[in-house]
Amino acid sequence: MKEATLRQILVVTDGCSNSGISPVAAATLAREQGITVNVIGVIEKGDMGEQGEKEIREIAEAGGGLFDIVYPQQLAQTVQMLTRKAMTRTIHQVVSKELKEILGDSAMEGLVPEKRVQVAGMVDELGERSRLDVVMLVDSSGSMKPKLAAVQQAIHDFSISLRSRSGQSRMAVCSFPGKQNHLDVRIPWTEEVDQAHQLTSGLTMSGITPTGPAIIEAIALFEHVKLPTGLRDRYGHNELEDGDQGSLRDHVF
Amino acid sequence: MSFNRAIPKLPPQFRGKWNQKTYHVLRELGRGANGAVYLVSQDGVRRAVKIGAEGMDILMEVHALKSVQQGRDARVTVAPLLCDVDDLYIDGRSCTFYAMEYLDGEQLDQFVQRTGTDWVPVLIIQLLARLAVLHQRGWVFGDLKPENVIVTRADSQVRLIDFGGVTKHGCAVRQFTEEYDRAAWHAGDRRAEPAYDLFSLAVMTVRLASSPEVWKSSRTEPRQTSLLCDIIRNNDSLYPFRVPLIKAFHGQYAGAEEMKSDMLAIVQGRTTAVQQKKASGSGSSGIWIGGLFVASMLLLAGTLYYAWMM
């Protein structure tokens, strides 16, 4: 298997979306484009509320990713764990699919445990060596304000984790809602986030939480995706340069 | 942390699908990031069984455990011995589990709480010997913390448990705990290398030798190793070890052996110094010396044992 690129969107939010396309539909679209959507719910105390928790779970399920609900102080560690586990899971799915093609149904379950241990070692190795592109999508609606310091720390911490991998890794950070669009790119694609970066400066604080539209716009940040014309007209603020698009489209996993 | 799937609950008795071994569950021993560990009995032998929410995580741990145990010298016990890997059905779903040697003992921090901080250098030196073997085989422990170290009840030997964080040299550390994580302390990255483990070990040493109140006071943001240095300066049992500890904070040790010999030299030098002091008339530190004597004897025994095993 040749070196692959794993693509993830990580949504950090504290409540329900209330504007635009359903975030579950948006996550389904992302997954269709080879992008996994993970969600972290950040809570101050108590719980997320049934509705918020349900939405987070559904976004992650539709996006083929994982979710967790944590306190701000657990955020940094959760980002790393969730990302790694989602990567493992994606690779595992691809590997089992290939095994299924060779060995028939329930191939992985049909293997003796010793063989599966070897597969796990391979999945681990592939995960470490793959390219990884992650867009962090930070909800900056009014209620998130007290949690943004923790989010900022988590971003920096995540950058260290990515730098420690053997595979090439990039991350971008966006906040939503944005000033003009549904999302503002706060940190464009980078391999290393500067510690001095201030997430809170120049933030648009607002009551609306357009999680769905923000996910749709975040998809456009992955160069391999060509948005359908309709969507590009509506969301395509970040026009892609021509060049390497399309060519990677079929190798997505 | 709760990811999507809950950890499946083991039935009171079960049989593995492939290897047909029957297990009786006695009690739950603990929970980690990847799963739960149970004390079980298999043909009258006590074992520990681990089961997790994601079969892949469990299999990866087994992969690490197996790799660590491969090698010419299987007698140097770094990891709990792996006994079985198998599947069982829980609520119609196939779940992977593994059984390993059961280590009857006490968690490192509880052991120190009970026996006193005199033990800390001895335990740390033992741990360094274990880490040296692990590093030699190309692995880094990763998630080093008191919860992942056991002191055996029978012979007070330090053993590493929970191999969920064990990472190949040069890769990104798979699992960590912020309190002992080099990156969270702004002292480097998360690339798996011996110095990463030694950093965690040094933080753990400070933690073990400090009172809970003092330890809490170091947890101000941002985490900085200078806070740990302050604790060392004000702590009589840590102060003599300031040089190796600070070297470990700064990643100045290439390997565990090097740090171990520095620690050993201090323990041995100190014991003789105190004995001389007693001989010259100040008898107030009898208990202190007693503890140190026991410690140094154990250390000697440990070293001899180790040397013999090599």
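Modeller: B:His250 is partly exposed, because 14 other C-beta atoms lie within 10 Å. The model is predicted.

Colleague: Where in chain B does B:His250 lie?

Modeller: In the loop between helix 7 (242-249) and helix 8 (256-279) of chain B. B:Arg182 is 68 residues away from B:His250 in sequence, yet the C-alpha atoms are 9.8 Å apart.

Colleague: Now the sheet. How do strands pair in general?

Modeller: Through backbone hydrogen bonds, parallel or antiparallel. Here, three strands of chain B make an open sheet, ordered 7-9-10, with antiparallel pairing.

Colleague: Which strands of chain B stand at the edges?

Modeller: Strand 7 (105-107) and strand 10 (158-160) of chain B. Each has a single partner strand, so one side of each lacks a neighbour in the sheet. From one strand to the next, the twist averages 35°.

Colleague: How many bridges join strand 9 to strand 10 of chain B?

Modeller: Three, and strand 9 covers residues 149-152. B:Ile150 sits opposite B:Arg159 of strand 10.

Colleague: Which strands of chain B does helix 2 touch?

Modeller: Helix 2 (residues 108-115) packs on the sheet, touching strand 7 and strand 9 of chain B. Its direction makes about 95° with that of strand 7. Helix 3 (residues 119-136) also packs on the sheet, touching strand 9 and strand 10 of chain B. Its direction makes about 45° with that of strand 10.

Colleague: What is the mean pLDDT of chain B?

Modeller: It is 88, with 84% of residues at 70 or more. Over residues 282-286 of chain B, pLDDT is below 50. For the complex, the predictor gives an ipTM of 0.84 and a pTM of 0.85.

Technical notes: Residues numbered from 1 in each chain as written. Chains lettered and ligands numbered in written order. Predicted model: local features only at pLDDT ≥ 70, side-chain atom pairs only at ≥ 80, totals over all residues. pLDDT = per-residue confidence, 0-100. Contact = placed C-beta atoms within 7 Å. Helix = DSSP H or I, 4+ residues; strand = E, 2+ residues; numbered from the N terminus. Buried ≥ 20, exposed ≤ 12 C-beta atoms within 10 Å, placed from the backbone. Pairing = 2+ DSSP bridges. Axes fitted to C-alpha atoms, helices over the stretch in contact; angles between N-to-C directions.
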